[in-house]
Amino acid sequence: MARLKFLCDADRCIECNACVTACKNEHEVPWGINRRRVVTINDGKPGERSISMACMHCTDAPCAAVCPVSCFYTTADALVLHDKDLCIGCGYCFYACPFGAPQYPRVGNFGGRGKMDKCTYCAGGPQQDNSQAEYLQYGSNRIAEGKLPLCAEMCSTKALLAGDGEIIASIYKERVQRRGFGSGAWGWRTAYKETVTI
Amino acid sequence: MTRAPLALRAGAAFLALALAAAPAAAQQQQNTQGQGTQGPAGGSPEVQSVVPEVGDGRGGMNQQVPESTEKQAPTGGERPAPIPQQAVPTPAAPITAPPPATARGTTSGDEMELQRILRGGVIEGQVSIPNQAAGVLVQPDGRDWREFRNTWLFWIGAAAVLGMIAVLAAVYLVSGPKRIEAGRSGRTIQRFTAIERVNHWMVAVSFVLLGLSGLNITYGASVLRPLIGPEAFTALTYWGQAVHQYLSFPFVLGLVVMLAVWLRDNLPRKVDVAWIKAGGPIAKGHPPAGKFNAAQKALYFFTMGGGVLVAVSGYLLMFPMTVTGVIGTQWAHVVHGLLAMVMIAAILGHIYIGSIGMEGAFEGMSTGRVDYNWAKEHHSLWLEEEAAKARETVAAPRPPPGARVAGAD
């Protein structure tokens with residue numbers, strides 16, 4: 001089985017936010033929830049880089065470790081998914097997540113934040129693949145159709161790569177060798193405890 | 001200098017020629033190659049307009065000539081005298097070309113992450129979505145918080161709560177409940193008013209339910225979930241957290257009332273030092289104490305202070321990301337969790353003494369009246385005060401207002 005990962009080539013990202021829009025549209029993500037976002041660091045200064053960030057589907061995921069109701073599970077492709085029927089919306093996964101991936105629809109009283117929502121790597125949830133129930137809770141399931149996440153597939157500069165970790169790392173390595181520079185695989189050290197060495 | 005083939009239409013455009021000629025000429029040079037490198041004409045500004053307003057590349061066939069009502073010089077006639085060019089101020093420092101992209105300030109994701117992991121802090125930037133908190137790209141503090149929640153809080157809490165239960169069980173089994181040594185006298189004395197008791201039980205019920213629902217958040221997944229299954233456990237925990245949030249209000253209200261009603265009686269006195277020196281709860285005989293002994297006073301201030309901190313940190317968790325960011329919320333959880341565990345342990349001791357641990361203590365909070373002998377043994381000074389008050393009342397059943405009882409001085 002593959003070990004699916006995301007890799008954002010920050011030297012290619014032009015902060016067009018097409019990945020954000022694609023994600024919201026593909027999964028009918030409601031207002032106020034962003035499964036994916038583009039963060040620009042050093043905006044307007046030398047060394048400016050834009051990074052498209054969502055759930056990185058970590059190895060030894062912190063969200064799963066701190067969940068008080070153990071609603072997370074890991075697929076055979078090493079995707080970190082969760083069961084919204086078990087989630088209580090406590091927000092602990094957000095405190096533990098290094099990437100700010102978990103999102104809450106903010107319904108209910110006080111801290112009652114509704115069921116957590118996050119990037120599914122376009123792989124849906126525990127419901128029947130591509131069923132209406134799955135679509136309503138988690139959005140579309142492109143992985144079950146043999147497709148990669150839409151954000152990466154439609155990235156105009158091919159900055160955002162999705163796929164097997166070794167393959168996308170080798171693509172990134174080749175790019176860096178050709179052009180002579182690269183700011184690294186953002187989030188990989190934190191998410192996978194490894195970096196892409198060129 | 002090569003003369004650029006400019007399509008000049010009007011003599012008035014002559015002025016523009018001076019500006020337009022230079023870039024146009026430079027372009028020409030590139031095309032023809034090998035006419036020698038020449039800079040812009042002398043006197044022309046170093047920083048030049050990139051796109052000429054008039055000239056090649058603009059207008060062409062469909063060029064629009066602006067209409068003007070001003071008088072125009074007739075074409076073909078004598079050219080107007082050239083306007084003397086003013087000396088263009090040269091910039092103090094020459095503008096240098098930016099370094100190539102490869103040599104610019106290197107930003108490395110790996111290094112920044114490693115740095116933040118080692119030194120703390122977050123990698124932060126700008127986002128174009130309304131949720132500005134999403135500008136935090138990587139926050140490694142979550143790793144420490146995870147360690148706290150899954151290891152430190154888990155084991156400290158278990159040690160505090162189970163340890164206290166073990167100690168209390170040992171005390172009960174070894175020495176048994178503390179009896180009223182003189183036996184019950186059959187006479188009782190009022191210890192707590194109705195308001196004090198109602199308030200106490202409001203806080204007690206809230207605290208027990210808050211404690212149980214809180215312990216469920218920390219230990220439920222490893223203790224209860226395997227027993228009752230994921231669905232039932234989620235339902236239980238969902239209602240538990242709702243109860244936890246709603247019961248915070250009666251709990252805090254009760255704390256405020258306790259602060260108002262019991263603060264005076266809990267202020268430290270000299271007799272408390274003597275009580276501790278005599279051995280406190282394990283003293284031989286019964287060292288004198290006021291309405292509350294030193295241990296009760298310590299518990300009072302611990303629960304009041306701890307309660308306030310637990311309430312404040314709890315409300316920060318109840319409205320996450322409003323007052324503090326994600327790291328502040330993590331700290332709120334640290335304070336809340338640790339204090340709650342220690343408070344649960346302390347209150348377990350309180351529950352033990354107030355119920356099975358000491359004969360005659362529970363009545364004070366249920367009926368409000370305690371046995372005379374119980375009061376004499378455990379709170380002798382308080383009993384004397386009460387008795388003195390009663391004697392005064394008896395001695396002067398209806399003192400006229402302002403009058404002083406004989407011998408009061």
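# Briefing on chains A and B

In this predicted model, residues 243–263 of chain B form a span that is 95% helix and 0% strand, with its end C-alpha atoms 29 Å apart. Chain A has seven helices and six strands, and its strand β1 is largely enclosed by the rest of the structure. The contact between the two chains draws 49 residues from chain B and 44 residues from chain A.

**Annotated spans of chain B**

- An unreviewed UniProt entry lists residues 152–174, 201–223, 243–263, 298–319 and 331–353 of chain B under "transmembrane region".
- One of these spans, residues 152–174 of chain B, is 100% helix and 0% strand, and 32 Å separate its end C-alpha atoms.

**Overall form of chain A**

- The order of elements along the sequence of chain A is β-α-β-β-α-β-β-α-α-α-β-α-α.
- Chain A has a radius of gyration of 17 Å, close to the 16 Å that the globule rule gives for 198 residues, and is therefore as compact as a globular protein of that length.
- The C-alpha trace of chain A extends over about 50 × 35 × 30 Å along its principal axes.
- Buried residues make up 53% of the 198 residues of chain A.
- Of the contacts in chain A between residues at least 6 apart in sequence, 54% link residues at least 24 apart.

**Strand β1 of chain A**

- Strand β1 of chain A covers residues 4–8, and five of its five residues are buried, so the strand is largely enclosed by the rest of the structure.
- In a regular strand, side chains alternate between the two faces of the sheet.
- L4(A), F6(A) and C8(A) point one way from β1(A), whereas K5(A) and L7(A) point the other way; all of them are buried.
- Strand β1(A) runs antiparallel to strand β6 of chain A (residues 160–164), and five bridges join the two.
- L7(A) has L161(A) as its bridge partner in β6(A).

**The side of chain B that touches chain A**

- The contact comprises 49 residues from chain B and 44 residues from chain A.
- On chain B, at least two residues each come from α2 (109–119), β2 (136–138), α3 (141–175), α4 (194–223), α6 (230–246), α9 (294–318) and α10 (326–357).
- Helix α6(B) gives the most to this side of chain B, with seven residues.
- By residue class, the side of chain B that touches chain A consists of 20 nonpolar, 22 polar and seven charged residues.

Methods: Residues are numbered from 1 along each chain as its sequence is written. Chains are lettered from A and ligands numbered from 1 in the order in which they are written. This is a predicted model: local features need pLDDT of at least 70, side-chain atom pairs count only at pLDDT 80 or more; totals for chains, interfaces and linings use all residues. A residue is buried if 20 or more other C-beta atoms lie within 10 Å of its own, exposed if 12 or fewer, and partly exposed in between; C-beta atoms are placed from the backbone. Helices (H or I, at least four residues) and strands (E, at least two) are DSSP runs, numbered from the N terminus. Two strands pair if DSSP finds at least two bridges between them. The radius of gyration is taken over C-alpha atoms; the globule rule is 2.2 Å times the number of residues to the power 0.38. Two residues are in contact if their C-beta atoms, placed from the backbone, lie within 7 Å. UniProt positions are given in the numbering used here, feature names are shortened, and annotations may be inferred rather than shown by experiment. Ala, Val, Leu, Ile, Met, Phe, Trp, Tyr, Cys and Pro count as nonpolar, Asp, Glu, Lys and Arg as charged, and the others, Gly among them, as polar.
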